[in-house]
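Student: I would like to learn how to read a structure step by step. Could you take me through one?

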There are 2 protein chains.
Amino acid sequence: MFRKMLQGLVLCLALSTGIALAQGPDPLPSWNEGPAKARILAFVQAVTAAGTKDFIAEPDRIAVFDNDGTLWSEQPAYFQLLFAIDRVKALAPAHPEWKTQQPFKAALEGDLKALAATGEKGLLTLVMATHAGMTPEAFRKIVRDWLATARHPKFHRPYNELVFQPMLELLKYLRANGFTTFIVSGGGVEFMRAWVEETYGIPPQQVVGSTIKTKYEVRDGVPRIVRLPQVNFIDDGPGKPVGINQFIGRRPVAAFGNSDGDFQMLEWVTAGDGPRLGLIVHHDDAEREFAYDRKSAIGKLARGLDEGPRRGWTIVSMKADWKQVYPR
Amino acid sequence: MFRKMLQGLVLCLALSTGIALAQGPDPLPSWNEGPAKARILAFVQAVTAAGTKDFIAEPDRIAVFDNDGTLWSEQPAYFQLLFAIDRVKALAPAHPEWKTQQPFKAALEGDLKALAATGEKGLLTLVMATHAGMTPEAFRKIVRDWLATARHPKFHRPYNELVFQPMLELLKYLRANGFTTFIVSGGGVEFMRAWVEETYGIPPQQVVGSTIKTKYEVRDGVPRIVRLPQVNFIDDGPGKPVGINQFIGRRPVAAFGNSDGDFQMLEWVTAGDGPRLGLIVHHDDAEREFAYDRKSAIGKLARGLDEGPRRGWTIVSMKADWKQVYPR
C-alpha cells in the first residue's frame, strides 16, 4: 500500500515536473497577458513545431527590428540627433564660425525647433560635421564615451538604459527559439554598433542601418577605413526592404516597428508565404514614456494604425500590454 | 598481479583513446603535409586555446574568403561572365539587334577576346542586360537553372562542382572551431547567394559582393524588390575592406584570396593586432586546374607574390599543397 502510494507520488511528481519543463518559466514576464503576448507566443510555437505545416526551418527564422521607438525611446528627439548636438558643443571651440552659422547655432543653443527648421539639409550638415573624418573604431569610441556621460532630459538616465524591457525579453525569446535577430533602422550603422551588441546581444554583422560612404587608405604604412561626409544609404521607408535584401538576402518572417518608416518593412515581411508576424509598438504611455502617433514629427504613426489591423499586424499598446517599460 | 596488469591496460587504453580524441581525424585530409597546412593548423590551435595570449573570443573569429579563384575556379573566364554570355544567347531571340551590336555580338559568337576588347563598359552592358529587371528570387532561380545544365569547357562538369575540396575542408574546419565564415568577392551577391549556401554552407547574410541597385515597389498589391541596371557597389581591391566594414562591422582575423584584387583585404586583415592568418592560393597546377599569375587578365597575382611572404602571408601551391583539387 505504502509502495503504491509512493509510486503514485513519483508519477505525479514526474508528470507535474514534465508539464513545468514543457511550459517553462514565462519567457515574456514584462508583457501583460493579452492579445499581443498571446499572438507572439502562438507564432513562435507554431513555426517551431516540427512536422507541422507552419514549421519554419531555423535558417529562415529571421526577425527584423527597427531600433528608434521600437527597441529604445526616441523622444524628445532621436537620440542620435541629441548625440550630434552634444558633439557640436564639444567641437565648437575649434569652430568659432558655428556661433552664427546654421544649423550649428541652433545646435549650440540646444534649440530643437530652430534645428528642425533647418530641414533635412540642416540635419545632414550636422551629421556630416560630427560623424565623419575618423575611422569607424574611433567613432564608436566617441559614441560609447558619450553614452557613459550623457543623460536623458526627462528620465536622467543613460540613453542605453532607455531600452524597452519587454523587447529585450522578446529578442531573447526569439533567439532561444532559433531565430536570428537583426536590427533594421534608419539610424546610423556605426552609431548603433557601438553599443547594441552589449545591450541587445546583436552583433555588428546583424545591424542594418543608414550609412555614410567610407574609403580604404594606407597612411604611413597603416591601413585604415575612413568615414566620409557623404550619404551612402538611407535605411528608412522603402529603403528598409532594400536594405534587408542587400544585407540579409532572405525575406524575414517577423518584423517589429513603431512608425510609418517601418511600414514597407512590415508590408514586405508579412506579405510572404506561410506564417508571418508583424508588430507595431504604439507609444500611448505619456506617464511611463511618451504618447505620440499621428501628429508627431518624430516616429509618426498613422498609416500603420489605419491599415495594420486589417493586414494582420498586432498593435502593441505600451500602456496596456507592457507591465514594465525600462529595465530597473 | 593480474589486477595490476588490468589496471595498467585500462590506463594505457584510456591514455591512447584520450590522445586519439584530442587529435581526432585529420580535419584537412586533402592538404598535403607541409608549411601551408601546418600554418593553418597552428593558427587555429593558437586562437582557440583558452587562457593564452593568442586566444580570440568566438564572436571575433571572423574569416573572409574571396570566391573566384579562391573557393572555385575562374578560368577560362569568371564563371559569372560565362553565365552572362549564356543568358545573352537565351535572350537573343527577343533582341535581333544584338547580332550586330557589341558587346552582344561577341557574346553570341562566344568570342571572349572580342568581348574583352569591349572593355569594362562592354562587360557592364552585358551584366546589366542579363542581371537586372527581375526580383532577386527570380534571378537566383535563373542562376540555379543555369548551373543545372551548363558545363565547364575544360572539365565538362557543372560549375558548382569546380569548387576546391581543400577549401571546403578549410571552411568546415574553421566553423567547427567557432569561426564565422564570410565570402567577400568581386562577384555579384545574388549570383553567389543562388548556390553558395548549399555548396559552402555559407548563408545569404554572410555573402559580401558587388551589387546593383534595387528598388522596392508594390505592384497590383504585391510588394517586391526589383533589380535595377545600375552599379551600386564594386567589392574589389580597396572596396573589399570597405565592404567588410559595411557588412560585417568587425575586422576579420583570417583572410583567404588568390589575386591582387584581394591584396587590400589581406593587408587590412593581417595588419590588425594579435594573431592573424593571411593565405593566397597560387594557381600553379596546369594539369589538374590552371596555371596563371603575373600575366593573367583574370585573377592576376603579382603584388601578392612579391610582398606576401614578407607580410607573413602563406602562399599555397595548388600543385604541392593540395592532394586533390575538386571533390570527386
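This is a predicted model: local features need pLDDT of at least 70, side-chain atom pairs count only at pLDDT 80 or more; totals for chains, interfaces and linings use all residues.

Student: Is A:Asp220 buried or exposed?

Tutor: Buried means under 20% relative accessible area, exposed over 50%, and partly exposed in between, with a 1.4 Å probe and protein chains only. A:Asp220 has a relative accessible area of 76%, so it counts as exposed. Although A:Asp220 is not a glycine, its phi is positive, about 50°. In chain B, B:His156 is likewise not a glycine and has a positive phi of about 55°; B:His156 sits in the loop between α7 (136-149) and α8 (165-176), and with a relative accessible area of 58% B:His156 is exposed.

Student: Which residues does A:Ser30 touch?

Tutor: Contact means heavy atoms within 4.5 Å. Leaving aside residues up to four places away in sequence, A:Ser30 touches A:Gln165, A:Pro166, A:Glu169, A:Asp321, A:Trp322, A:Lys323 and A:Gln324. A:Ser30 belongs to the loop between α1 (2-23) and α2 (35-47) of chain A, and its relative accessible area is 5%, which means that A:Ser30 is buried.

Student: How many residues are in the largest nonpolar core, and which of them touch the most other members?

Tutor: A nonpolar core is a set of buried Ala, Val, Leu, Ile, Met, Phe, Trp, Tyr and Cys residues joined through side-chain atoms within 4.5 Å. The largest one has 69 residues, and those touching the most other members are A:Trp31, A:Met167, A:Leu170, A:Trp195, A:Tyr200 and A:Phe256. Helix α3 (residues 79-91) of chain A gives this core its largest share, 7 residues. A second, separate core holds 66 residues, including B:Ala63, B:Val88, B:Phe164 and B:Trp195.

Student: How many residues of chain A are in contact with chain B?

Tutor: On the side of chain A there are 35 residues, in contact with 35 residues of chain B. Buried area is the accessible area (1.4 Å probe) that two parts lose on being put together, summed over both; between chain A and chain B it comes to about 2,800 Å², with carbon and sulfur atoms giving 51%. Within chain A, the residues that lose the most area to chain B are A:Gln205, A:Tyr216 and A:Gln246, together 23% of what that side buries. A:Gln246 is also one of the buried residues of α11(A), a helix spanning residues 239-247 in which 9 of 9 residues are buried.

Student: Where should I look for a cis peptide bond?

Tutor: Look at omega: the bond from A:Gln102 to A:Pro103 is cis, with omega near 5°, and A:Pro103 lies in the loop between α3 and α4 (104-108) of chain A. In chain B, the bond from B:Gln75 to B:Pro76 is cis, also with omega near 5°, and B:Pro76 is placed in the loop between β1 (62-65) and α3 (79-91).

Note on methods. Residues are numbered from 1 along each chain as its sequence is written. Chains are lettered from A and ligands numbered from 1 in the order in which they are written. Side-chain values use heavy atoms; hydrogens and water are left out. Helices (H or I, at least four residues) and strands (E, at least two) are DSSP runs, numbered from the N terminus.
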